[in-house]
2 protein chains.
Amino acid sequence: MENLIVTPIIYKDGAVSILDQTKLPNEIVYIDLETVEDVYNGIKQLKVRGAPAIGIAGAYGLFIVARNSKVNTIEQLLTEIKLQGDYLISSRPTAVNLEWGIKRIINKLSKISFQSLNEIVNFTLKEAQLIQKEDEETCFKIGELGATLLSNADNVLTHCNAGSIATAKYGTALSPIYYLKDKGKNIHVYADETRPLLQGARLTVWELMKAGVEVTLITDNMAGFVMAKKNIDAVIVGADRITANGDVANKIGTYSIAILAKEHKIPFYVAAPLSTFDLSIDNGNLINIEERDKNEVIFIGGKQIAPKEVDVYNPAFDVTPSKYITAIITEKGIITPPFSQNIKKHFD
Amino acid sequence: MENLIVTPIIYKDGAVSILDQTKLPNEIVYIDLETVEDVYNGIKQLKVRGAPAIGIAGAYGLFIVARNSKVNTIEQLLTEIKLQGDYLISSRPTAVNLEWGIKRIINKLSKISFQSLNEIVNFTLKEAQLIQKEDEETCFKIGELGATLLSNADNVLTHCNAGSIATAKYGTALSPIYYLKDKGKNIHVYADETRPLLQGARLTVWELMKAGVEVTLITDNMAGFVMAKKNIDAVIVGADRITANGDVANKIGTYSIAILAKEHKIPFYVAAPLSTFDLSIDNGNLINIEERDKNEVIFIGGKQIAPKEVDVYNPAFDVTPSKYITAIITEKGIITPPFSQNIKKHFD
């Protein structure tokens, strides 16, 4: 089934295309990124989403800048790439991987003596492909390691979309499920719809169905009852940021599910690459939680579902204290409590 | 503010009208019930909803039958009322209060000797008004008693709509809040939107705003984080059925919130009239949970949000074991643990 796993960014014969995730699940459309504006808009309008996938798209953006450039000198081209890199970074200022991917290429460019414009074009392409390839390998490894924890699981619950289409391939939380499916084991996934933006209903359900993985959609408020009634063996989610003590910032709703898992004695796993850890932050209380527009809650697909004037609290993320987390699955190993100590070991 | 509390069924100058709750919150429309078919459709199409409100609407339905009748004898009219009563009951077969309200009037009719057709018309009207009045008094009493538990609360969280528009007036879970507001105390309510049918977003938020109660709308998956961050003093919900041991069947999501409340050491209150108790059922495991159509989850207001072919689990209710419940507020007193014993006392 390996070939059924959806990849959100494709480079082929000189062309870069992305899956337009805003159209899912109603339309499956890949759009060509021909100009740097296409890349900027694709990221800004959430056509490509998920921190790793955004980083990859940004990296390909620099290749597109180099390829399309009309300048005459190497110096001019390097300057243009740098300027357009800043432009691309501004498309989603809080996406850490975007800045990381673009700066990684620009730093490398500054350290090499190029002989021709074409060399720069080829270099940016190779670097973008490398970032994509590395992310795919990281996700695969998370899948391989995570599979050891889920090898006896029949029913797994997940939240939001930490799937293949948020990364180069395989995803983080969904990677162990794809890995086991590929090895012939069936795992049935319960996917929370994940209000307000419905990433579970729109994206997770869709990519799992595409890959032939059994999936059942539930509303977020059903998670507790499903745990009580449906023999859930594990919960697995992704992470937006993990602090030095193992606290996890992730999509709103993750914290509630972690508490429900504890009450039902179900293991709660977080799958995330080491790049998600931010050891400069001691614990989750220090993470600033983004509050988003109230209309994300009041309107669903243009349809108004509550009085327009109502007060709304709409945090995009929540923080799950490490005490609720059974293990964190990274590409370099599975981290278990005591988290502060064991996380540190991975960065020494 | 007493006069700002919305009532869903109004009898005035010979006419019965209901608030069309399917149009809320976008349109506030009261529709006249002129024929028995109007009553049947109003109940079936959920224009009037909430067990007590449905019972009242059904009772007024018999008055409308009597008033509109073209028959010539008392016997013919009583037969017609009985037949049309069965027709009304069939509009929502699982609504216990509907059958109860209609049978109560029909039983009384069978025991009285009427002298004229007009006497029967007047009697059905008086009985419907009595059922409405009794429910209003029951709800008021729940509010008065519940207020003693919430007198120091600043922030309360509720789920679904157990409000004024589900009853004659005041509601069950919302009644203590209206009571305290009327006495000059402000309580801020966090309302779960309550997927899939969004009764919290569409109805609870609307009726609280109409009455001038401060309310903040959240998605269901925010409840845990709100408890962690917003100093929630209590959770209060209604109930569809309460078993002999105090287990509570209520709108899907109630169980999750009860666990989250326990984890945050927040009292979890259930507000319900004694008519909600079903002592013939020993415990919540014996309650059959209705599973509803998958399209309730896949579509929101006609908008498709997930692949049409996806498997969906859509239980309408869940069961909260009594161990998570701090107290049950009834019109005859507040019931605390041990529930089996203390519930029994109210029915001896």
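Across the interface of domain 1 of chain A and domain 2 of chain A, one salt bridge is found. Its partners are E2(A) and K169(A), whose side chains meet with 2.8 Å from N to O. The model is a predicted one, and the values here are computed from it.

On the side of domain 1 of chain A that touches domain 2 of chain A, two helices each supply at least two residues, namely α2 (51-68) and α5 (117-150) of chain A. The most comes from α2(A), which gives four residues to that side. By residue class, this side of domain 1 of chain A holds twelve nonpolar, five polar and four charged residues.

To place this interface in the chain, consider the two domains themselves. Domain 1 of chain A runs over residues 2-136, and domain 2 of chain A over residues 143-345. Taken over C-alpha atoms, the centres of the two domains are 27 Å apart.

The contact between them can be described by residues and by area. From domain 1 of chain A, 21 residues are in contact with 15 residues of domain 2 of chain A. Between them the two domains bury about 2,000 Å², and 60% of this area lies on carbon and sulfur atoms.

Note on methods:
Residues are numbered from 1 along each chain as its sequence is written. Chains are lettered from A and ligands numbered from 1 in the order in which they are written. This is a predicted model: local features need pLDDT of at least 70, side-chain atom pairs count only at pLDDT 80 or more; totals for chains, interfaces and linings use all residues. Side-chain values use heavy atoms; hydrogens and water are left out. Domain bounds come from an automatic or database domain assignment. Contact means heavy atoms within 4.5 Å. Buried area is the accessible area (1.4 Å probe) that two parts lose on being put together, summed over both. A salt bridge is a side-chain nitrogen of Lys or Arg within 4 Å of a carboxyl oxygen of Asp or Glu. Ala, Val, Leu, Ile, Met, Phe, Trp, Tyr, Cys and Pro count as nonpolar, Asp, Glu, Lys and Arg as charged, and the others, Gly among them, as polar.
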